[in-house]
Amino acid sequence: MKQFDYVRPATVTEAVAAAAQPGAVFLAAGTNLLDLMKGGVSRPDRLVDVTHLDGLDGIETLADGSLRIGALVRNADLAHDAEFARSYPAVAEALLSGASAQLRNAATVGGNLLQRTRCAYFYDTASRCNKRAPGSGCDARDGENRSHAVLGWSESCIATHPSDFCVPLVALDAIVEIEGRGGRREIALVELHRLPGDAPDRESVLEPGDLIVAVRLPPAARGFAAHARYLKVRERTSYAFAVVSAAAALRIENGRIAEARLALGGVAAKPWRARAAEDVLKGVAPIADAFQKAARRALEGAKPSGDNAFKIELARRIVVRALTLAAAGTPARIPALPASPFASTSGALHV
Amino acid sequence: MSELILTSAPAHLRHGSNIGQPLTRRDGILKVTGQATYAADNHPPGMLFAVIATASIARGRVVSLDVAAAKRHPGVVDVMTPEHKPPLAIDPEIKTNPFVFRMEVLQSNDIRYANQAIAVVIAETLEAATEGAALLAPAYEVQPALVGFDAGESFAPPVVGVGNPTESHRGDVEAGLAAADKQIDATYETPPQYHNAMEPHAIVARWEGDKLFLDTPSQAMVMARGRVAELFGLAPEKIHIRSPFLGGGFGSKGFLTGPQILGVMAAKLVGKPVKLVLRREQMYGPVGHRAPTRQRLRLGTDGEGRLTALDHRARTVSSTFDDFYEPAADASHTLYAAPAIRTSHDAVRVNTGTPLFMRAPGEATGSIALESAIDEMASACGMDPLAFRLKNYAEVEPMTGRPFSSKALRACYEQGAARFGWAKRPLQPRQMRDDAGLLVGWGMGTATFPALMFQAEARAAIRRDGSGVMEIGAHDMGQGAWTALAQIAADSVGLDIDRLDFKSGTSDLPDAGIAGGSAHTATAGAAIHSAGAAVIAKLADLATSDERSPLFGAGNAGVIAREGRLIRRDDESRSESYAEILARAGVAEIEARGTGAPNPAAMEQYAMHAHGAVFAEVKVDPELGQVRLTRMVGAFAAGRIVNPRMVQSQLFGGMIWGLSFALHEEAITDRRSGRIMNANLGEYHIPVNADVPPLDVITVEEHDPHVNALGIKGVGEIGITGSAGAVANAVWHATGVRVRRFPIRIEELLVPS
């Protein structure tokens, strides 16, 4: 592994300054970064350890009803926060469907947002990858790509963003608070990640030194608590990334959908908010026909990037199912197999 | 490694015998407290660390390495390359016997598969060696990689598996098919799979003059010692191997691999002890794997559902430089009573490490195809799959006509089906749903694995204090040899297990042969049994020929050994303890040797196989295609069960592997580069806990007087067979979709809704 400097700043301001240097990256739990470094995929000159910074690990309700989640809150701590799980059940379900218990105990909120793609060609340093080595080409494009993107991809890159957590967050209009060299600013999470275009190495809109300090859910996000689900199809029951996933959240008034939120995971280089599908659902009864129509709309423009045409049809079906589950109502408890099609299997044990 | 302290705690029940008791692992406390010394846990003084640099291309040659850059890195001691390495006594390409496989030990700059070793960096720390290896920055001359079944011309190999004929037949298959009332013709594909033992291949090598000390996991220490001896020109007795614990082997530790030999070479090069441990991704290449197969099965039946013909042709791959051919079609030799059977194999050569034995080699790949085809044939006949199997039950071995030494498969079918509730299964697929609307399917498969015997020796002794010793260089891969073999040993000398010093796991002990072929307990157990009987016979000679003994005149056949005493068979009031006999004779210790070996006469006369029946229930999401196993029952008849707890555990492991085979496992090879793209445990999927429902194992009583003196058939591999097919057949029964490419993928089940 390449030699690197390790610094542990005492304040957020120092952290931003330290990370603004070329070749510097932030280190939180390192559940993704350290693997990348050991594999020679990431070769930073400097690690800026933010795990000791004060004030980034709280979960607090603000005066306006927003919820503010510190960037260093652990995935497991957030998912198991009873008040959080009650108010944003789809987010808790998504968190618990990710990785393994051990990883969830370590991984942080900020790190989850910035985890890298799981494209095997990105990890294989002998392969061409425009994300890892800009301009080198994309070996995934004609390679083993059944799990790759069907939305928003380019000839330069067909990788997907692997996060579960981000999918319900973008559906719920989450906001990212960023501390940068120019001070504090905030952007919508849906604006954080970039589609590959011709520069897939630029994965987010963050500038050098920018530190995510918190994620905020606006007051309206609580309004979906009664009808919110996350659904994730994967190739084993646990400890696998999504083949395709979806977060669906509905606000139902007088038997009609007053407002719908829908986002897809595993289909694009960013968590994919399906606003056009949401529009289809506004004001209609929560019935199968409407969900089918929304699903078709959500996947409009989708096209295979390789041996993955099935993901388009699968995504449609997941949208229909997620909306159906959401319409049926959030379960009183997070299912034993969170986000799984087998969530309702009786006698299932927690994983 | 300090002296092993094994424990029999918690105390177990005994009813006059050690064999048959469900003892917990005697090495369990050591393992759960971290005291069990695995190979890589050894750190002799002055030890250096070696790290392999591997090829990122699958075919071509290395044209340059930046050795200077690696050597400049702080802590790097030396860099071993084809130009700078200690000489070997023989060319590693020479196959001195059929159990020698070619390995890459820097004999040239040629590259024949991705992940092949191209250099070894030796350093004072693991980190320095790792970085040194990264700094080598190899440049290659690249040739197009040969990848997949269509990489080149296929050919018929001379033999498949271990000396099996490539083609076998009995009766006229074409005539049988032509005369059939119904036929099926189906092609199944299985992917390359990698052993992925939890413990990576590791070696700590230490030279002391012309003596060599090795800590390395091995399923066959004496064979490994022989390979090291010939490669380094040493007398075997100069080499001492310790392999007390393996973190799994599954066949990948049956032969010493190139990386292990590189560790020995590195230690020789630098004149210090060296440790070399493979990284996970480096295990995808030089340590063997299960070859992919493409199998075509043609079956025909008469109007009553009796098979008229069974034709099983398998294509597989081997490496470009050596020969191992997965004997998949041979799975059709033993199970179903077709009057005409033909099995044949062909192969293509690809740029891969040589495929080798992986848990149930041939049997596992062949079984999932055969059991799927049987299921398809039963369906074509409109018959229940169990009724169809019973209709075609083989009373004698179909391929040879030999009677079975024992075969309790009918009881397996009956007991397994009863426990599972098979009788309620609807004949047609896609008939069952659970409360949540998930499709439910039930499938079954027949399990079988040959009951093999290899060669082994053991030494038994009785000491002056009345305690016993049993010595055998056996191998505990995690299967429980420390426990099960000690149970056999204790019974063989008529002692409680805690009065016996059971020594095992090093190469200086008598040769226990190979821990493979599900034959270790049977073979090593037979040697132990025979050594124990021999030392008791000597002891009895001492006693019965001594007029001062209460056993005087009883004769050899007239005494039995029990609880540390010899007892007159016809008068149990007359007995004497071992200690008393030896004390009077003035002997400190009495010893004898024994052997375990196949019985050629019995093998000629009988077909010897373990059998089983596996029943599986899966649930499938009807729209989303995700599959989950929800129940599995396996009933197995495998002769005498030495330790029911260990046996159940072995069978659980096999059944989970079967689940893995059907639904999860697959090495994904880039079709252009020949590199494996998921060479890690995150992306090479095996079942996690949430994939494995409570499993139910039934061991069906079976007495076999022919297989060996103890009647043991072995349980290490049979659990995979039958299980994979049962899961696949359950997926069909749930969905009505017959998937013939494994593992079964979500997209195959996304039928129009």
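Contact here means heavy atoms within 4.5 Å. This is a predicted model, in which local features need pLDDT of at least 70 and side-chain atom pairs count only at pLDDT 80 or more, while totals for chains, interfaces and linings use all residues. Residues are numbered from 1 along each chain as its sequence is written, chains are lettered from A and ligands numbered from 1 in the order in which they are written, and side-chain values use heavy atoms, with hydrogens and water left out.

Start with B:S318. Leaving aside neighbours within four places in sequence, B:S318 is in contact with B:D323, B:F324, B:Y325, B:V348, B:R349, B:V350, B:T352, B:T354 and B:P355. B:S318 sits in strand β16 of chain B, which covers residues 307-319. Helices (H or I, at least four residues) and strands (E, at least two) are DSSP runs, numbered from the N terminus. Is B:S318 buried or exposed? Its relative accessibility is 0%, so B:S318 counts as buried. The cut-offs are these: buried means under 20% relative accessible area, exposed over 50%, and partly exposed in between, with a 1.4 Å probe and protein chains only. The side chain of B:S318 also reaches the backbone nitrogen of B:F324 at 3.2 Å.

B:F324 leads on to B:F357. Leaving aside neighbours within four places in sequence, B:F357 is in contact with B:F324, and its other partners include B:F101, B:F250 and B:F255. B:F357 belongs to the loop between β17 (341-350) and α7 of chain B. B:F357 is buried, because its relative accessible area is 18%. Along the chain, B:F357 and B:P192 are 165 residues apart, yet 12 Å separates their C-alpha atoms.

Now follow the chain to α7 itself. Helix α7 (residues 363-380) and helix α15 (residues 723-735), both of chain B, have axes that come within 8 Å and cross at roughly 40 degrees. Axes are lines fitted to C-alpha atoms, for helices over the stretch in contact, and angles run from 0 to 180 degrees between N-to-C directions. The two helices are therefore oblique to each other. Angles under 35 degrees count as roughly parallel, over 145 as roughly antiparallel, 65 to 115 as roughly perpendicular and the rest as oblique. Which residues of α7(B) and α15(B) make the contact? From α7(B) come B:I368, B:E371, B:S372, B:D375 and B:S379. From α15(B) come B:A724, B:G725, B:A728, B:N729 and B:W732.

The segment after α15 of chain B holds B:P743. A cis peptide bond joins B:F742 and B:P743, with omega about 0 degrees.

B:N115 is not a glycine, but has a positive phi of about 80 degrees. B:N115 lies in the loop between β4 (110-111) and β5 of chain B. With a relative accessible area of 16%, B:N115 is buried. B:N196 has a positive phi too, near 50 degrees. B:N196 lies in the loop between β10 (182-190) and β11 (202-208) of chain B. Its relative accessible area is 14%, so B:N196 is buried.

End at B:T125. This residue is in the loop between β5 (117-123) and α3 (126-135) of chain B. B:T125 is partly exposed, because its relative accessible area is 34%. The side chain of B:T125 reaches the backbone nitrogen of B:A128 at 2.9 Å. B:T125 and B:V51 are 74 residues apart in sequence, but 10.0 Å apart in space, C-alpha to C-alpha.

Key. Polar contact = N/O pair within 3.5 Å; in protein donor to acceptor, adjacent residues only side chain to side chain.
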